[in-house]
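Take a look at the fold below. The report then walks through its parts in turn.

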Amino acid sequence: MRVAYKRKLLILFILTFLVVMAFSPRGYTASLFSSLELSLEKNIGQNCYQSIIDQKKVVHLPEEETEHLNAIFKSLVNCCGRKQELEFSLTVVEDETVNAFALPAGYIFVHTGLLSYVQSDGELAGVLAHEIAHVDRKHSMNAIKRQLGMSLLLQLILNKKKSKEGLAKVGNVAINMTQLGYGREAEYEADHYGVYFMEGAGYQREEILNFWRRIVDQRGGQEDLVILQLFSTHPPTSERIKRIEGLR
Ligand SMILES: [Zn+2]
């Protein structure tokens, strides 16, 4: 009885929300919805961040290195469109694989394996800029909408009591994305924006191209296949290089 009542109440709530949206001036509705969606994105990001740091070993680098890394990161974040509405953060975790990944709302992670693989600040900036671009273009949130549907997101926004269970479900999708990639088009888009962010921060696109070319060379030589495995979920590296070279 109680569950049925709650369900009815929720449906009524959603219907009221939709009616309010339908009859409100367009700009107002859009901004109301995007602010609700933004706060949900922050909740999801925070939840995922917590579960990653529960599983992985966070590395605290010496102060000077941390400052240097943060300076690179900040200069890139400053070039992205969502710098005002999100608090981007960078966390180093112990992992031999050459990788970095992003969670919703701007939580970026970098593996120690990537830090020792890059040969310059510009190469590192290129990889970080790619991850910042995933957040800037809302790739994770778009994938969540596609996979779980808007109705679950609406429920999460409107029904706080169920939100723990729902957030965990949504969080799994977001974390899976970090392993599987966001799909070919989203990866190309992140490359594209990433190049603009790195150039905006004063680095040359040649540096991220060098990074990718080195990966192609090593793959050709069958070296470090395991270490570079995670990047294999991205689109073909040679195609990415071609597209970055073709950007204006
Ligand atoms: Zn990516």
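## The model and the chain

This is a predicted model, in which local features need pLDDT of at least 70, side-chain atom pairs count only at pLDDT 80 or more, and totals for chains, interfaces and linings use all residues. Residues are numbered from 1 along each chain as its sequence is written.

The chain has eleven helices and three strands. Helices (H or I, at least four residues) and strands (E, at least two) are DSSP runs, numbered from the N terminus. In sequence order the pattern is α-α-α-β-β-β-α-α-α-α-α-α-α-α.

Of the 248 residues in the chain, 31% are buried. A residue is buried if 20 or more other C-beta atoms lie within 10 Å of its own, exposed if 12 or fewer, and partly exposed in between; the C-beta atoms are placed from the backbone. Now take the contacts with a separation of 6 or more: 70% of them join residues 24 or more positions apart. Two residues are in contact if their C-beta atoms, placed from the backbone, lie within 7 Å.

## The sheet

Strands of a sheet pair through backbone hydrogen bonds, either parallel or antiparallel. Here three strands form an open sheet in the order E1-E3-E2, with mixed pairing. E1 and E2 stand at the edges with a single partner strand each, so one side of each has no neighbour in the sheet. From one strand to the next, the twist averages 20°. Two strands count as paired if DSSP finds at least two bridges between them.

Strand E1 (residues 89-93) pairs with E3 in the parallel sense over five bridges. In this pair, Thr 91 stands opposite Phe 109 of E3. Strand E2 (residues 100-103) runs antiparallel to E3, and four bridges join them. There, Ala 102 stands opposite Ile 108 of E3. E2 and E3 form a hairpin with three residues between them. Ala 105, in the turn, has a positive phi of about 75°.

## Inside strand E3

How many residues of strand E3 (residues 107-111) are buried? Five of the five are, so the strand is largely enclosed by the rest of the structure. Tyr 107, Phe 109 and His 111 point one way from E3. Ile 108 and Val 110 point the other way.

H5 lies across E2 and E3, and runs at about 20° to E2. Axes are lines fitted to C-alpha atoms, for helices over the stretch in contact, and angles run from 0 to 180 degrees between N-to-C directions.

Helix H5 (residues 121-136) also meets helix H9 (residues 184-200): their axes come within 7 Å and cross at roughly 120°. That angle makes H5 oblique to H9. Angles under 35 degrees count as roughly parallel, over 145 as roughly antiparallel, 65 to 115 as roughly perpendicular and the rest as oblique. The crossing is right-handed. A crossing is left-handed if the near helix is turned anticlockwise from the far one by less than a right angle, and right-handed if clockwise. H5 contributes residues including Ala 125, Gly 126 and Ala 129, while Tyr 193, Gly 194 and Phe 197 are among those from H9. By class, this contact has eight nonpolar, four polar and two charged residues. Ala, Val, Leu, Ile, Met, Phe, Trp, Tyr, Cys and Pro count as nonpolar, Asp, Glu, Lys and Arg as charged, and the others, Gly among them, as polar.

## Helices H7 and H8

Helix H7 (residues 150-158) packs with H8 at an angle of about 140°, and their axes are 9 Å apart. H7 is therefore oblique to H8. Their crossing is left-handed. Leu 152, Gln 155 and Leu 156 of H7 make the contact with Ser 163, Gly 166, Leu 167 and Val 170 of H8. Four of these residues are nonpolar, three are polar and none is charged.

## A closer look at Val 170

Val 170 belongs to helix H8 (residues 163-180). Is Val 170 buried or exposed? Val 170 is buried, because 27 other C-beta atoms lie within 10 Å.

Which residues does Val 170 touch, not counting those up to four places away in sequence? They are Ile 44, Ile 144, Leu 148 and Leu 156. Gly 45 is 125 residues away from Val 170 along the chain, yet their C-alpha atoms are separated by 10.0 Å.
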